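Try each task on the structure before reading the solution.

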Amino acid sequence: MISAGPSLSIRSLSRHHSGPTGVESFLEEYAAAYTFYGAGKVALRDGLAGLVEPGQNVLLPAYLPDAVVEPFQELGLEPRYYRVEPSFAPDLADVEQRIDANTAAVMSVNYFGFPQPGLEELQQLIEDYNCYHIDDNAHAPLSIDNGTLLGTRGHIGITSLWKLLPVPNGAVLFHNDAETIENFQPSPIAGVRESVDVSDCQFIVKSVIQNLLDGNGMIRESLDSMFALDDDETPAVGGPHKRYEDGKRMMSRLTEHILEESNPDEIRNRRRTNYRTWQRLLNDRDDLEFVYDSLPHGICPQALPVRAEEPKKLMAALQRCGAGGAYNWPRLSTTVLENPTYETATRLSKEIVALPVHQHVDASTIEAVAMRLRH
Ligand SMILES: Cc1ncc(COP(=O)(O)O)c(C=O)c1O
């Protein structure tokens, strides 16, 4: 069964590659300065804390998971959602209409590992209004666009390591200029925990069970409901506030270890191969459309997003054929869902299905799923 994300295996815990190839050396090569966190949302809060005043506003794309608004609210900022185009580009006229002298920051998002479309024009607007630019790179920790690591283009940026690697938690805050470095106000949960703790052990146990069950669909289904072993893209349960609060932990020691053992080039190559395999095999289906026409050099896809005519039917078929990790994205905030102005974001959230391309899937498994789908 193809799961949504990679799982921890004994292979990930043992040294199996040669040379200094870990994620930390990779970050050091591409980022000016960075700090580890348990979750990207908390990194956002700490990154902005020294730059903004309560009562200011912040512009966020409407096509965004519901909990991402939480750190801004905690800082006393008014979140203002802006409309997006079907291509995920910001609706610039809408951004301009909502931006004002009280706007502290504007956020762009590199969806599914790809650079934000329309970024240049958005950056021009941000500059004209003298705001901070937040580069939300939750999905693309290893994507390099024309020599630049995604997440390092705004004044601050974030990336979620847990979305890409089999780790209990983990995120990065990028400080991309002198001003943001100088004003950085880290909270006590910035950084990495000193030692391995109970939650790391729980994560290992859960991963072992998951690995054991991967080959046994029936047992897996019955245990999924008992132990919440589902492969939903978001690990935590509960409402947006609870999920935000649950993320308020330092980065795990186990995560740091796995970062050292992970090879960015290898992961990127595997994900790119899997992405292309899905694309080749689904190319002739007329009930879905690929969101991105090409996979540019250096990009490490988080998933292969498609616009599906009947998303539920497609996900059910994928599940039956062995790709249960396909998921619908994201869970939008009620503010967006209830407002017809955000009709495009709402429509996208219903029709986008993300197909897993992670590094623990073999192209041959994708081929087998696609063959079953065809029959
Ligand atoms: C676009 C986007 N931004 C930010 C976040 C928050 O990241 P984290 O879950 O690491 O707090 C997410 C998580 O789902 C996301 O999808």
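**Exercise 1. Find how many residues surround the ligand, and which are the closest.**

Solution. Step 1: count the residues with a heavy atom within 4 Å of the ligand; there are 13, and the closest are Gly40, Lys41, Asp136, Ser160 and Lys163. The model is predicted: local features need pLDDT of at least 70, side-chain atom pairs count only at pLDDT 80 or more, and totals for chains, interfaces and linings use all residues. Residues are numbered from 1 along each chain as its sequence is written, and side-chain values use heavy atoms, with hydrogens and water left out.

Step 1: look for polar contacts, that is, pairs of N or O atoms within 3.5 Å. A backbone N or O atom of Gly40 is 2.8 Å from an oxygen atom of the ligand. For Lys41, a backbone N or O atom lies 2.9 Å from an oxygen atom of the ligand. Asp136 uses a polar side-chain atom, 2.5 Å from a nitrogen atom of the ligand.

Step 2: consider the cover. On its own the ligand has 380 Å² of accessible area (Shrake-Rupley method, 1.4 Å probe), and the protein covers 96% of it.

**Exercise 2. Check the length of helix 16 and find its buried residues.**

Solution. Step 1: helices (H or I, at least four residues) and strands (E, at least two) are DSSP runs, numbered from the N terminus. Helix 16 has twelve residues, 363–374. The expected span is 1.5 Å times one less than the number of residues.

Step 1: buried means under 20% relative accessible area, exposed over 50%, and partly exposed in between (1.4 Å probe, protein chains only). In helix 16 the buried residues include Ile366, Val369, Ala370 and Leu373. These residues cover an arc of only 100° around the axis, so they are on the same side of helix 16; the arc is taken from the directions from the helix axis to the C-beta atoms. An α-helix has 3.6 residues a turn, so residues three or four places apart point the same way.

Step 2: find the cover, using contact (heavy atoms within 4.5 Å). Helix 12 (264–282) and helix 13 (311–320) are among the elements that cover the buried residues of helix 16.

**Exercise 3. Describe the place of Gly325 and its contacts.**

Solution. Step 1: Gly325 is in the loop between helix 13 and strand 12 (327–328). Step 2: its relative accessible area is 2%, so Gly325 is buried. Step 3: leaving aside neighbours within four places in sequence, Gly325 is in contact with Ile2, Ser3, Ala4, Ala354 and Pro356. Step 4: Gly5 is 320 residues away from Gly325 along the chain, yet their C-alpha atoms are separated by 7.4 Å.

**Exercise 4. Decide whether Phe112 and Asn130 are buried or exposed.**

Solution. Step 1: Phe112 has a positive phi of about 55° although it is not a glycine. Asn130, also not a glycine, has a positive phi of about 55°. Step 2: Phe112 sits in the loop between strand 4 (103–109) and helix 6 (119–128), while Asn130 is in the loop between helix 6 and strand 5 (132–136). Step 3: Phe112 has 0% relative accessibility and so counts as buried. Asn130, at 71%, counts as exposed.

Notes
A polar contact is a pair of N or O atoms within 3.5 Å; within protein, one must be able to donate a hydrogen and the other to accept it, and residues adjacent in sequence count only if both atoms are side-chain atoms.
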